[in-house]
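I opened my notebook to keep track of what I looked up. The entries follow in the order I made them.

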Protein chains: 2
Amino acid sequence: MELSPTFREMEAFIRRLQDQICNGLEAFEPIQRFQQDIWEREQGGGGWTRILTGGKTFGKAGVNISSIHGEMTKELASQLEVEEGLFGACGLSLVIHPNSPKVPTIHMNVRYFETNEGRSWFGGGTDLTPYYPYPKDFKEFHQTLQRACNSVIPSSYEQYKETCDQYFTIRHRAEMRGVGGIFFDYLTGTEPKHADLVRAVGESFLPAYAPIVERRKDESFDAVDTIFQKIRRGRYVEFNLIYDRGTLFGLRSGGRIESIFMSLPPEVEFHYNWQPESGSAQEKMLSYYQPYDWING
Amino acid sequence: MELSPTFREMEAFIRRLQDQICNGLEAFEPIQRFQQDIWEREQGGGGWTRILTGGKTFGKAGVNISSIHGEMTKELASQLEVEEGLFGACGLSLVIHPNSPKVPTIHMNVRYFETNEGRSWFGGGTDLTPYYPYPKDFKEFHQTLQRACNSVIPSSYEQYKETCDQYFTIRHRAEMRGVGGIFFDYLTGTEPKHADLVRAVGESFLPAYAPIVERRKDESFDAVDTIFQKIRRGRYVEFNLIYDRGTLFGLRSGGRIESIFMSLPPEVEFHYNWQPESGSAQEKMLSYYQPYDWING
């Protein structure tokens, strides 16, 4: 299958973006650096996995690219509601788990998919999973996304924000995994504005996240903050393994397991029926894991 | 819906079994005791959840009963390949996570399901998830199950052992979550031998597990043993959230989330691309997470 110019442009974009983001995150690390593993997929393509672990600021940070192509499996074709045939898919996917419970976990993903029958889509999104109630951070995060999206497609932030609230919900618990962000999928690949949007979202990652890291990374925290962080990271695992399309797509399309599961937090606790103390910061934080208008709220 | 005499007998059996097992496990605990939460299901039935946490021997042990009935959801009927209608389901499900990496995690489950159209099935199984290579323990565990099963139905152990090897496999990693045991499902409920088998399996739990706990609970262990335990518990989470029918049935049938997720280990670590040292006990243990004939091997 001949991969399209759009595919090649997206591939070049995510290569540059990976460098840019890794450099930006390493600025918070005096010693640790991203380590790269290059992997090949038997049926076509492969990836550049970059992981930083055991850092001063970040316990586990993964900024991964993959670019794969080949025959669709029946399962994949059915998930995508297309005829079986050849496909190409490339994307960047990152999940950052900081050490401090005062610094949120973040996820960001941009991706492009095309078939040999000329169908193509962009998708992507980003969402913030904080463990401490700092509404100022959440509002600024959403404002940065709003500027990035709406500068390319007016009112798109508002639409993708709502989709995100629905998507990043742990349905069996009727709660979100964090404070949302944006999520979009199946944006037709032949529309140039969609490529622009995806670039704007990718480039908004550092401006949206780095100021929060800078502001919170040296704040003190206590044992309850850490337990709450580990419990909420358990909810992150619940979401990723039960609902996350990216994870399930990866497992179904023969992706590299260790690269897919870089998203899982380094340390997790599952407590039976844990409840926050009344009036605590944790109780407050729980109330924020619901859809909320962070811009105007 | 009138629940059948078989249902009522099964319900009485699992109530007794829950007491017996909780007493047997508490014998390893100088102070901690099982705490009971009784819950009701809005659409009919409920459960008796018993959890022991923070023990000397057991970090998190759950021995749960549920007995539910009502209208099947479309999703449930489709999963079971039956017409929508009324159903009753009861069972005991336990997962025990000890503190020491020398003592295996164990799971056991017996269950009964019936519809208002007169269809009914027994199911169940047990499997052992060790973190240290003690083949003697694994062999004795399988021998006890063989005696329990084959005393009721000749050669049933051999059949259910093979089903277990297939079922408790983390497919995306092509490895089992432990060293297997037995697994059976859709045994027709109108066959008295099947009720006998389920009782024999339930009653074999303490004889199969308690001697291993007794033998290993006071052995010393080191930091690598503990990290390996936490990493393998991560694999346990992968299995339970992606593949386990019991977990998915619970989530789909409106079960109580905290009771379903008592199976998740108390502390878990997800490391990127972790590999055991060459020649280590952990490397040996990894080789045991594959189907193996523990009786004759």
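**Entry 1: a helix of chain B.** I looked up which residues of H3(B) are buried, and I found Asp137(B), Phe138(B), Phe141(B), His142(B), Leu145(B), Gln146(B), Ala148(B) and Cys149(B). Buried here means that 20 or more other C-beta atoms, placed from the backbone, lie within 10 Å of the residue's own; 12 or fewer makes it exposed, and anything in between partly exposed. Helices (H or I, at least four residues) and strands (E, at least two) are DSSP runs, numbered from the N terminus.

This is a predicted model, where local features need pLDDT of at least 70, side-chain atom pairs count only at pLDDT 80 or more, and totals for chains, interfaces and linings use all residues. Residues are numbered from 1 along each chain as its sequence is written, while chains are lettered from A and ligands numbered from 1 in the order in which they are written.

Next I asked what the buried residues of H3(B) pack against. I noted strand E6 (120-129), helix H4 (156-167), strand E9 (181-188), helix H5 (192-203) and helix H6 (205-216) of chain B. Then I checked the length of H3(B), residues 135-150. At 1.5 Å a residue, its 16 residues should span 22 Å, and its end C-alpha atoms are 22 Å apart, which agrees. The expected span is 1.5 Å times one less than the number of residues.

**Entry 2: the sheet of chain B.** I traced an open sheet of seven strands, in the order E1-E2-E3-E4-E5-E6-E9 (chain B), with antiparallel pairing. Strand E1 (35-40) and E9 of chain B stand at the edges with a single partner strand each, so one side of each has no neighbour in the sheet. Two strands pair if DSSP finds at least two bridges between them.

I then stayed with strand E3(B), residues 58-71. Ten of its 14 residues are buried, so E3(B) is largely enclosed by the rest of the structure. E3(B) pairs with strand E2(B), residues 45-53, in the antiparallel sense over nine bridges. In that pair, Arg50(B) has Val63(B) as its bridge partner, and Gly45(B) stands opposite Ile68(B). The hairpin of E2(B) and E3(B) has four residues between the strands, and Gly54(B) takes a positive phi near 65 degrees there. E3(B) also pairs with strand E4(B), residues 86-98, in the antiparallel sense over 13 bridges.

**Entry 3: where the chains meet.** How many residues does each chain give to the contact? I found 23 from chain A and 23 from chain B. Contact means that C-beta atoms, placed from the backbone, lie within 7 Å. On the side of chain A that touches chain B, H7(A) gives the largest share, four residues.

I also looked at E10(A) and strand E10(B), residues 267-269, which run antiparallel and are joined by three bridges. Glu269(A) has Glu267(B) as its bridge partner.

**Entry 4: symmetry.** I laid chain A on chain B with an RMSD of 0.0 Å, by a turn of 180 degrees and a shift of 0.0 Å along the axis. That is the relation of a two-fold axis. The superposition is by least squares on the C-alpha atoms of residues with pLDDT of at least 70 in both copies. Val268(A) comes closest to the rotation axis of the residues of chain A, at 2.5 Å (C-alpha). I also noted that 100% of the interface residues of chain A are interface residues in chain B too, so the copies meet through the same surface.

Methods: Contact = placed C-beta atoms within 7 Å.
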